[in-house]
Amino acid sequence: MTRSRKLWLVAAVLFLALVAVQLWIIVSNWSGTSRDWFQIVLALVQGSLALTVITSSLRSGRRTDSTDATAEDESPAG
């Protein structure tokens, strides 16, 4: 996994943690207004985005690692 991918992964995990805190604050101050519902929907969209970046980064890292391993296996032993 490249350094750039690792940074994206760390940023996405931190962002997801902030979304979780945001959801907790919204729920703890719940009053049932349309603003509360809008904030819940917005937080869920943000969480979905963060999870998409995390899974994409992990898949890309696996793909890169397997490509690197294949390249090393095919190198001439000489």
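I take contact to mean heavy atoms within 4.5 Å. The model is predicted, so I note its limits: local features need pLDDT of at least 70, side-chain atom pairs count only at pLDDT 80 or more, and totals for chains, interfaces and linings use all residues. Residues are numbered from 1 along each chain as its sequence is written, and side-chain values use heavy atoms, with hydrogens and water left out.

**Entry 1: the chain.** I looked up the contacts with a separation of 6 or more in the protein chain and found that residues 24 or more positions apart account for 65% of them. I recorded two helices and zero strands, taken as DSSP runs (helices H or I, at least four residues; strands E, at least two) numbered from the N terminus. Of the 78 residues, 17% are buried, that is, under 20% relative accessible area with a 1.4 Å probe, protein chains only, where exposed means over 50% and partly exposed lies in between.

**Entry 2: helix α1.** I noted that α1 covers residues 3-28 and that its 26 residues reach 38 Å from first C-alpha to last, close to the 38 Å expected at 1.5 Å a residue (1.5 Å times one less than the number of residues). Its buried residues are Leu-9, Ala-12, Val-19 and Ile-26. Trp-24 also lies in α1, but I found it exposed, at 63% relative accessible area.

**Entry 3: Asp-36.** I located Asp-36 in helix α2, residues 34-73. Neighbours within four places in sequence aside, Asp-36 is in contact with Ile-26, Asn-29, Trp-30 and Ser-31.
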